[in-house]
Amino acid sequence: MSRAGKYPVKLSDGVVASIADGQLVVKGPKGELTVPLNTKNAHLVDIKVEGAEVSVEPKNADDKDSRAMWGTMTRNIRNAVEGVTKGFSKAMYMKGVGYKASVSGKKFTLVVGFSHDVVMEIPDGLTVTMGDTPTEFTISGNDKCAVGLFADKIHKIRKMDPYKAKGIFYKGEKVRRKEGKKK
C-alpha cells in the first residue's frame, strides 16, 4: 500500500484543479501548472477531482507498477498544488577567491575562477534573487522540477573541491573535507 497515495490531495482556498486533454491543470494564486496524465505509466492509475480534493487510485492493486505510479502521481499532484500556493526555492552560495554572481534581466552571470564568465539564461517561470553578499543567491519558482534542475545545473558548474572546500553549494549542504597530502 502506498503511504503517499492513500490520502487524497486537498486543494487549499483559491486553488482549482480540472482534467482536460490528458492533463491535470492546477490553477492558483502563483500561476498554473499541468501534470501530464498520458505518460508511459500514468494509465496505471485513476485520477478523480471531487470538490476540494484530488484522489488517485491504482487500477490494479496487485500490480507492482500500478502501486508505484499511485504514489508517484499523488506526489506530482501534491507538488503542483504546493507550487501554485507557496512556490519552491533553493538557496545557494559560493566559496572561493573572487567568486561572485550577478543577475541582469534574464541573464545570470557567474564568476567562478574560469578564464571567462559563465552566463546562463534564466528559464521562464523562475526568478533568481541575490542575497546580502554577491556570493549568495536564491532560485525560486512554482515548478519544483524546474527549480531543482536549474539549481543542479548551476551546482555542476563548479563542484565542491573536497581539499579546499571551494565551489558552489546548496545552503545546508554538508561539506565533506578531505585531508591533504602528508609531508
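Ser140 sits in strand β12 (136-141), where strands (E, at least two residues) and helices (H or I, at least four) are DSSP runs numbered from the N terminus. This is a predicted model: local features need pLDDT of at least 70, side-chain atom pairs count only at pLDDT 80 or more, and totals for chains, interfaces and linings use all residues. Residues are numbered from 1 along each chain as its sequence is written, and side-chain values use heavy atoms, with hydrogens and water left out.

- Ser140 is in contact (heavy atoms within 4.5 Å) with Phe88, Ser89, Gly125, Leu126, Thr127 and Val147, leaving aside neighbours within four places in sequence.
- Ser140 and Lys107 are 33 residues apart along the chain, and their C-alpha atoms are separated by 15 Å.
- Met92 belongs to strand β7.
- Met92 is buried, at a relative accessible area of 0%. Buried means under 20% relative accessible area, exposed over 50%, and partly exposed in between (1.4 Å probe, protein chains only).
- Beyond four places in sequence, the residues that Met92 touches include Phe137, Ile139, Ala151, Ile154, His155, Ile168 and Tyr170.
- Gly172 lies 80 residues from Met92 in sequence and 8.9 Å from Met92 in space, C-alpha to C-alpha.

**Helix α1 (64-85)**

- α1 has 22 residues. From first C-alpha to last, α1 reaches 32 Å, close to the 32 Å expected at 1.5 Å a residue. The expected span of a helix is 1.5 Å times one less than its number of residues.
- The buried residues of α1 include Met69, Trp70, Met73, Ile77, Val81 and Val84.
- These buried residues of α1 pack against β1 (9-10), β3, β4, β5 (45-50), β6 (53-58) and β7.
- Ser66 is found in α1. Ser66 is buried, with a relative accessible area of 1%.
- Not counting residues up to four places away in sequence, Ser66 touches Leu44, Val45, Pro58, Lys59 and Asn60.
- Just after α1, Gly87 takes a positive phi of about 90°.

**Helix α2 (144-157)**

- The 14 residues of α2 should span 20 Å at 1.5 Å a residue. The end C-alpha atoms of α2 are 21 Å apart, which agrees.
- Val147, Phe150, Ala151, Ile154 and His155 are buried in α2.
- Seen down the axis of α2, the buried residues fall within an arc of 140°, so they line one face of the helix. The arc is that of the directions from the helix axis to the C-beta atoms.
- An α-helix has 3.6 residues a turn, so residues three or four places apart point the same way.
- Cys145, Leu149, Lys153 and Lys156 are exposed on the other side of α2.
- The buried residues of α2 pack against β7 (88-95), β9 (107-111), β10 (118-121), β11 (126-130), β12 and β13.

**Largest pocket**

- The largest pocket has a volume of about 240 Å³.
- On a 1 Å grid over the protein atoms alone, a pocket is an open set of points where a 1.4 Å probe fits, with protein on both sides within 12 Å along at least five of seven lines. Grid points are joined across faces, edges and corners, and the volume is the space filled by probe spheres set on the points.
- The largest pocket is lined by 14 residues, and Thr34, Val35, Asn76, Ala80 and Asp143 lie nearest its centre. Lining residues have an atom within 4 Å of a point.
- β4 (31-36), α1 and α2 are the elements that give two or more residues to the lining of the largest pocket.
- α1 supplies the largest share of that lining, six residues.
- The lining divides into seven nonpolar, five polar and two charged residues. Ala, Val, Leu, Ile, Met, Phe, Trp, Tyr, Cys and Pro count as nonpolar, Asp, Glu, Lys and Arg as charged, and the others, Gly among them, as polar.

**Loop residues**

- Asp21 has a positive phi of about 55° although it is not a glycine. Asp21 lies in the loop between β2 (16-20) and β3 (23-28).
- Asp21 is exposed, with a relative accessible area of 77%.
- Ala165, also not a glycine, has a positive phi of about 60°. The loop between α2 and β13 (167-170) holds Ala165.
- Ala165 is buried, with a relative accessible area of 4%.
- Lys164 is found in the loop between α2 and β13. Lys164 counts as exposed, at 58% relative accessibility.
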